[in-house]
Amino acid sequence: MDVTEMGLVDASRRIHAGELSPLELTHGYLDRIDVVDPHVRSFSTVAREQALAQARERTAEIAAGAWRGPLHGIPIAIKDLVATDGVETAAGSKVLEGHVPHFDAPVAFQLRAAGAVILGKAVTHEFAIDVYCPPARNPWDLDRITGGSSGGSAAAVASRLCLGAVGTDTSGSIRIPASLCGVSGLKPTFGRVNCDGVVPFSWSLDHVGPIAMTAADLALLLGGMVDDDDELFGTAHKEPPADLDGVRIGWPTSYFFDELDTRVADSVNAAVSELVRLGATVSKVDLPSAEHAIAAGDVLTFAEASLYHRRWIEERPAEYQAETLANFQAGALILAVDYLQAQRVRDRIAQEFAAAFREVDVIVAPSTPIQAMANTVTRSLDLKSRSESPLDAYGRLTYPASLAGIPAVSIPCGISEGLPVGLQLIGRHGQERRLLAVAATYQAVTDWHQTIPTAVANL
Amino acid sequence: MGTDDGIRSSTEIVDGLDAALRAAGLSREAVDQDVLLPWLEELEAKAASVRAVDFGTVWQTPPAFTQYRPLAEPRRSHAREA
C-alpha cells in the first residue's frame, strides 16, 4: 500500500493503533517528494536527515507506549517564512539566503512538540509579496500559478507531498493558494496562532494557519499550533454534524459576488445550494465597506512592510527582486494620515462584519473571483466588465476577513475545466471550531477535496 | 504630497520624488524609477480612495487604538471560543 494515499486523520489513527510507523510514513513522503517535487517545485528545502531523525524518535516513542497526540508522526511542511531550527529560512529572498535559525518559531516548536515530523520548507513568494514569477507550479496544470504567497504549502498538500502544511495569510495568502490548488486552508482569528519567529509582511494583518486536504485535518493542525484548545483535536476525530439544521448562512448583497468568472459563480452557487439542502438557512447581509478592503489593506500592508525592510531596502537593494523592492519603496512614501485613515476604514469593515454576525453564523463567498491563471507576467487581467491587476483580483475577496481579523476557511467546492474552485466560509471572532464543523459537514457529502490533481496523479 | 483629488500624475510624482524619497529616508541611488513609478501610482490611487471615504463631520472622534478589535486581541493564542 502507498502510505501517501491515506489522509491525515486515517494516518493518525493507524499510528496510534501501531499499524503504521512514523518512519514508514516519512519514508513514503520523502520518496514521493523525490519523484513529484521536481515538477511542482513546492519545497525550497527538503530536510531529509532531520525528518528521518524525528521520525525515528517518534517511532521509538510509539514502541515505548508514548503517544504525543493526533499529530504524532505526521509529516508536514512549513512555509519558508517561519523560522525552523537548523533549516534554512530565507523567506524566498536572496536577502536572507543561507540564513539558518538556531531556534524554532513558536508555531514550529509547538507542532514539533505535538509530534509532527517536519519534512522541509515550502516555497513562498519573496517576503510573501505575491507579485510575479511564482516559484511553485500548480499541480492541476503545471503552466498555471499556485497563488500566493503560501503557494508551496498548498501545492505540496495538493500533490500529496505532506499531510499538512503551515502557511501565512496577510491578505489571503492561505485561502488563495488553497482555492487555486484545490485544498483546504484556514486563516484563524488574528492573534490565535503566535506569529513570533515568522518573517513579517504586515504585522497588524499577518496570520499563521494550516493548509490540508480536509476541514478535519485543519482542526488537528490548528490544535497543534495553539495551546489553549484541546477540543480541536476531539473535533477532528468525531463525525461532523450530520446536517446544518439551525445554521444561518449570510449571503453578501454586494462586492463578494461582483465580477466573478462564470465557472466560479456556478460552483459557489451549487455549494450554497448544498448547504441549504443540509438544513442551513440563507439570508442577505450587508457589508458595504468591503469595497474599500483592497485600498485600505494595501496602504496598511505596504507601509508596515516598508518599515520592516527599511534598512535592507536602503543598504541592500540589489538583493531584492525589482518588483518587491519597488513595492517596499512605494510603501515608504505613504503618508501617516493615509495610514491612519486606512485603519479607520478597517475598523468600519470589522464593525460591519460584527453587525452581520448578530444575524448569521457563517458568511459565504467565493475564495477567489477567478481560477488559476497562466503562469505569465501580466499587470492586468481582463474580467467581465473591467481590467484588474492579478494582485487585486486574487486578493479582493479574502482581504475583508483579514482586515476584520476574523477566521475564514477556503474549501474546494468544484472543478471546472480541469481547475478547482474554492468556497470561502467566514466565521465569528474566535469561532474556528464552529466554522470547521460547517466545512466538515459539507465535505462529508461532497468529494471535491478528495480529487487528486491531474498533473501529478500519475507521477 | 497629493493634489486636491489626492491622485498624483506621473509627472507630479517624478517632480516630487526626490524630496519624497529624502523625507522617507531613501536615497535616489537605491531606486529604479521605471519599476517604482507604476507601483507608486497604483498605491497612491489606493491611498486616495481611502482618503475619500467619508467619516462624517469633525465632531466624530477617530476610534482609539484599543477599539481596533483585531489589534485589541492578545498576541498569543488566548482567544477561546465562547
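How many salt bridges does the structure hold over all chains? The answer is 26. Before I go further, please keep in mind that this is a predicted model.

Let me begin with one of these pairs, inside chain A. Side chains of opposite charge can pair when their charged atoms come close. A:D34 and A:R48 form a salt bridge in which the closest N and O atoms are 2.6 Å apart. A:D34 belongs to helix α2 (residues 22-40) of chain A and A:R48 to helix α3 (residues 48-63) of chain A, so the pair ties together parts that lie 14 residues apart in sequence.

How do these two helices pack? Two packed helices are described by the angle between their axes and the distance between the axes. For α2(A) and α3(A), the angle is about 160° and the axes are 8 Å apart. An angle over 145 degrees counts as roughly antiparallel, and α2(A) and α3(A) are therefore roughly antiparallel to each other. The contact includes A:L23, A:L30 and A:D34 from α2(A), and A:R48, A:L52 and A:A55 from α3(A). Sorted by class, this contact has six nonpolar, three polar and four charged residues.

The axes of helix α7 (residues 215-225) and helix α16 (residues 432-444) of chain A come within 8 Å and cross at roughly 155°. α7(A) and α16(A) are therefore roughly antiparallel to each other. On the α7(A) side, the contact is made by A:A215, A:L218, A:A219 and A:L222, while α16(A) contributes residues including A:L436 and A:Q443. By class, there are seven nonpolar residues, one polar and one charged in this contact.

I turn now to the meeting of the two chains. In chain B, 43 residues are in contact with 62 residues of chain A. The area buried between the chains is about 4,700 Å², and carbon and sulfur atoms give 58% of that area.

Which polar features cross this interface? Three salt bridges are found between chain B and chain A. The side chains of B:K46 and A:D392 meet in a salt bridge, at 2.9 Å from N to O. The interface also has 10 residue pairs in polar contact.

On the side of chain B that touches chain A, α1 (10-23), α2 (33-51) and α3 (69-72) of chain B each supply at least two residues. The largest share, 12 residues, comes from α2(B). By class, the residues on this side divide into 27 nonpolar, six polar and 10 charged.

Technical notes. Residues are numbered from 1 along each chain as its sequence is written. Chains are lettered from A and ligands numbered from 1 in the order in which they are written. This is a predicted model: local features need pLDDT of at least 70, side-chain atom pairs count only at pLDDT 80 or more; totals for chains, interfaces and linings use all residues. Side-chain values use heavy atoms; hydrogens and water are left out. Axes are lines fitted to C-alpha atoms, for helices over the stretch in contact, and angles run from 0 to 180 degrees between N-to-C directions. Helices (H or I, at least four residues) and strands (E, at least two) are DSSP runs, numbered from the N terminus. Angles under 35 degrees count as roughly parallel, over 145 as roughly antiparallel, 65 to 115 as roughly perpendicular and the rest as oblique. Contact means heavy atoms within 4.5 Å. Ala, Val, Leu, Ile, Met, Phe, Trp, Tyr, Cys and Pro count as nonpolar, Asp, Glu, Lys and Arg as charged, and the others, Gly among them, as polar. Buried area is the accessible area (1.4 Å probe) that two parts lose on being put together, summed over both. A salt bridge is a side-chain nitrogen of Lys or Arg within 4 Å of a carboxyl oxygen of Asp or Glu. A polar contact is a pair of N or O atoms within 3.5 Å; within protein, one must be able to donate a hydrogen and the other to accept it, and residues adjacent in sequence count only if both atoms are side-chain atoms.
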